[in-house]
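Visitor: Hello! I am new to protein structures, and I would like to learn how to read one. Could you take me through it step by step?

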Amino acid sequence: MDMFIDGRRVAAQGGATFDVLDPATGETIDSVPDAGRADVDAAIRSAETALQAWKATPVAERARLQKAAAQLMRANAEELGRLLTRELGRPLAGAIGEIQRSAELLDVYAEEGLRLHAEMPLTGVAGEKIIITREPVGVVVAITPFNYPVTLLCFKLGAALMAGCTVVAKPAEDTPLSTLRLAELFRTAGYPNGCFNVVTGRGPDLGMQMIEHPTPRKIAFTGGTRAGKAIAAAAAGTMKRVTLELGGQCPAIVCADADIGAAAAAIARHAFANSGQFCYRVNRVYVERPAYAAFLDALAGKVAQLEIGNGLTSNCALGPLVNEKIYRNSERQIADARALGATVLTGGARLTGGLYDKGWFLPPTVIADANPSALVMTEETFGPVLGVAAFDDRTEALRLANATVYGLAAFVFSRNLAVGLTLAERLEAGSVWVNDIQRSNQRAPFGGMKQSGIGREKGRYGIEDYLEYKTIYLSYDAELR
């Protein structure tokens, strides 16, 4: 499948390609271009050319096109979902759900875009007016990871297009196919050529070529904190704006008075969704000691119900990890926890035999009595591994929860809403869930504190990150003649 530049399919100018593999079977699904500097320049020039007409397009027309694209995504959700399952390994129901949720977000962005407005302060000075307006920042480079390739692109794409920006996207090398198919649907919806371009390639060099290119005015990135820091440093060279949604090491605090069954069910569901391959999952759990044993029993029971298999051919809860690198990090954290005296309550080793020999299948792994210094309690896992430890004092639990460079999400369980709200207010995280873990709301801001990122996505907050303020001072003859 070729790249998508200026409204059409194109191969890399150098002719290089690389294969996209099915992580469940190891089979080659397709090949895509391995782009170089000339391809990056062509895509960015296309976006730059399209920008002038697109930013002058009425907002109502932008909203109409975005809603049309969202409807096409719904109509093609099963096809896109199957493609996503093949390249990522997530069970099909979850992949189709990602497409549907992404379409919903595009609709929300379209509605919020129609509500944006300029201001005119009442100065009371004859012959003078001040107009405070907002304009699109310009060409946007969107760099996305493998774990939710459509959703995390739509976080950026839907906001940028509604703001009047044009976009050049670079998907992860493991999951480029769903993004390329999405670009076709946007073209079918009626978007002008150059508004949405997709460049594919391997390694960080291609992304840096896009970031360092003088034309783009904003970089929108979701990925690891180390890569985010490098992107921020490179973007500073030309003062590009950035939205960075980075890593997480998200804590949950379970108080003794919590509904233990509800807490265990929510944590099991959330920690192991998408095989743990997302940044705001529960990574570590602190349980008040009187409830510790009961919580472990309840959690183990819920985890035992999670089946693992090929997400395209079975009704399973977990598929394989996307590649060996991601698997090895989980393996390393499990070994480290064992060495520090923890107990592996469930899972703990790669599955083998039959279909499991073809992919990196790791069952949901619960590590009990985890040492506070263990990697699973201090580093992002990005896999189906969950650390659990007991605490005696809620102040200490709060200290442990906040003792991290990350601040993306956190979770609290307590029947005492005063306790729950107090903990939520004191947790250093961009989003905090109390007594359940729902999906993040499409209209609410999403992003992190500390080294979990800069900026916010979703709702009107996301669109505003793609706009620049402009103040116009207007003087005129106030006399009536």
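Visitor: Let me begin with a pair of helices: at what angle do α4 and α5 pack, and how far apart are their axes?

Guide: Good place to begin! Two packed helices are described by the angle between their axes and the distance between the axes. Keep in mind that this model is predicted. Here α4 and α5 pack at about 15°, and their axes are 9 Å apart. The two helices are therefore roughly parallel to each other, and α4 passes α5 in a right-handed crossing.

Visitor: Which residues make that contact?

Guide: On the α4 side they include Ile99, Ser102, Leu105, Leu106 and Tyr109, and on the α5 side they include Val150, Cys154, Phe155 and Met162. An α-helix has 3.6 residues a turn, so residues three or four places apart point the same way. You can look for that spacing in Ser102, Leu105, Leu106 and Tyr109 of α4, which are among the contact residues. By class, the contact of α4 with α5 has 12 nonpolar, four polar and one charged residues.

Visitor: What is the crossing angle of α3 and α4?

Guide: The axes of α3 (residues 77-88) and α4 (residues 92-114) cross at roughly 125° and come within 8 Å. That angle makes α3 oblique to α4. The crossing is right-handed. Among the residues that meet are Leu80, Gly81 and Leu84 of α3, with Leu92, Ala95 and Ile96 of α4. This contact divides into seven nonpolar, three polar and three charged residues.

Visitor: And where do α5 and α6 meet?

Guide: Find Leu153, Leu157 and Leu161 in α5, which are among the residues that meet Ser178, Thr179, Leu182 and Phe186 in α6. The axes of α5 and α6 (residues 177-189) come within 10 Å and cross at roughly 35°, and α5 passes α6 in a right-handed crossing. Eight residues of this contact are nonpolar, two are polar and none is charged.

Visitor: Now for the inside. How many residues does the largest nonpolar core have?

Guide: The largest nonpolar core has 129 residues, and Ile267 and Phe295 have the most contacts inside it. Helix α5 (residues 149-163) gives the largest share of this core, 11 residues. Leaving aside neighbours within four places in sequence, Phe295 is in contact with residues including Val254, Ile260, Ile267 and Val388.

Visitor: Which residues of α7 are buried?

Guide: In α7 (residues 204-212), the buried ones are Leu206, Gly207, Gln209, Met210 and Ile211. Next, follow them to their partners: they pack against α1 (37-55), β6 (139-143), β7 (166-170), β9 (218-222) and α8 (225-236).

Visitor: One last residue, then. Why does Ile131 count as partly exposed?

Guide: Its relative accessibility is 23%, so Ile131 counts as partly exposed; to be buried, a residue must be under 20%. Ile131 lies in strand β5 (residues 128-136). Not counting residues up to four places away in sequence, Ile131 touches Glu119, Met120, Lys470, Thr471 and Ile472.

Visitor: How far is the C-alpha atom of Ile131 from that of Leu474?

Guide: These C-alpha atoms are separated by 7.6 Å, although Ile131 and Leu474 are 343 residues apart along the chain.

How values were computed. Residues numbered from 1 in each chain as written. Predicted model: local features only at pLDDT ≥ 70, side-chain atom pairs only at ≥ 80, totals over all residues. Heavy atoms only, no water. Buried < 20%, exposed > 50% of the residue type's maximum accessible area, 1.4 Å probe, protein only. Helix = DSSP H or I, 4+ residues; strand = E, 2+ residues; numbered from the N terminus. Contact = heavy atoms within 4.5 Å. Axes fitted to C-alpha atoms, helices over the stretch in contact; angles between N-to-C directions. Parallel < 35°, antiparallel > 145°, perpendicular 65-115°, else oblique. Left-handed = near helix turned anticlockwise from the far one by under 90°. Nonpolar A, V, L, I, M, F, W, Y, C, P; charged D, E, K, R; others polar. Core = buried A, V, L, I, M, F, W, Y, C linked by side-chain atoms within 4.5 Å.
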